[in-house]
Amino acid sequence: MMSDEMTLEERKVIYRSRRGLKEIDVYFDPYVKNYYLSADPTEKALFAELVDQEDPDLLDWFMEVGEAPRTEIKELIVKLKQYVHG
């Protein structure tokens, strides 16, 4: 997956997306493998923002216990969940 064409920022985001927490990795891994590198710059920036969040917050948002602070982040979470659950 790592290719020479990737930017340093893309590499950083991909590295940070690996949480070792299966409840989060189940959503991040397929997105990174299949969609991230071809996403538009806006979506890439949103994903970078998402991976910068703390695990407990991410868990709350993905499990719908809590709500992400911004609509764009909420929409990206919905998208990631759709990729996994169809």
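A salt bridge here is a side-chain nitrogen of Lys or Arg within 4 Å of a carboxyl oxygen of Asp or Glu. By this rule the count comes to nine salt bridges. Keep in mind that the model is predicted.

**Stop one.** Select Arg16 and Asp52. Their closest N and O atoms are 2.9 Å apart, a salt bridge. Arg16 sits in helix α1 (residues 8-17), and Asp52 in the loop between α3 (41-51) and α4 (55-62). The pair links distant parts of the chain, 36 residues apart. Arg16 is partly exposed, at 29% relative accessibility. Asp52 is also partly exposed, at 48%.

**Stop two.** Select Asp55 and Arg19. Their side chains meet in a salt bridge, 2.8 Å from N to O. Asp55 lies in helix α4 and Arg19 in the loop between α1 and α2 (22-34), so the pair ties together parts that are 36 residues apart in sequence. Buried or exposed: which is Arg19? Arg19 counts as buried because its relative accessibility is 18%, under the 20% cut-off. Asp55 is partly exposed, at 23%.

**Stop three.** Select Glu49 and Arg70. This salt bridge spans 2.3 Å, N to O. Glu49 belongs to helix α3, while Arg70 is in the loop between α4 and α5 (71-85). They are 21 residues apart, and the pair links distant parts of the chain. Salt bridges with shared partners join Glu49, Arg70 and Glu72 into one network. Glu49 is partly exposed at 29% relative accessibility, and Arg70 is partly exposed at 31%.

Definitions and conventions:
Residues are numbered from 1 along each chain as its sequence is written. This is a predicted model: local features need pLDDT of at least 70, side-chain atom pairs count only at pLDDT 80 or more; totals for chains, interfaces and linings use all residues. Side-chain values use heavy atoms; hydrogens and water are left out. Helices (H or I, at least four residues) and strands (E, at least two) are DSSP runs, numbered from the N terminus. Buried means under 20% relative accessible area, exposed over 50%, partly exposed in between (1.4 Å probe, protein chains only).
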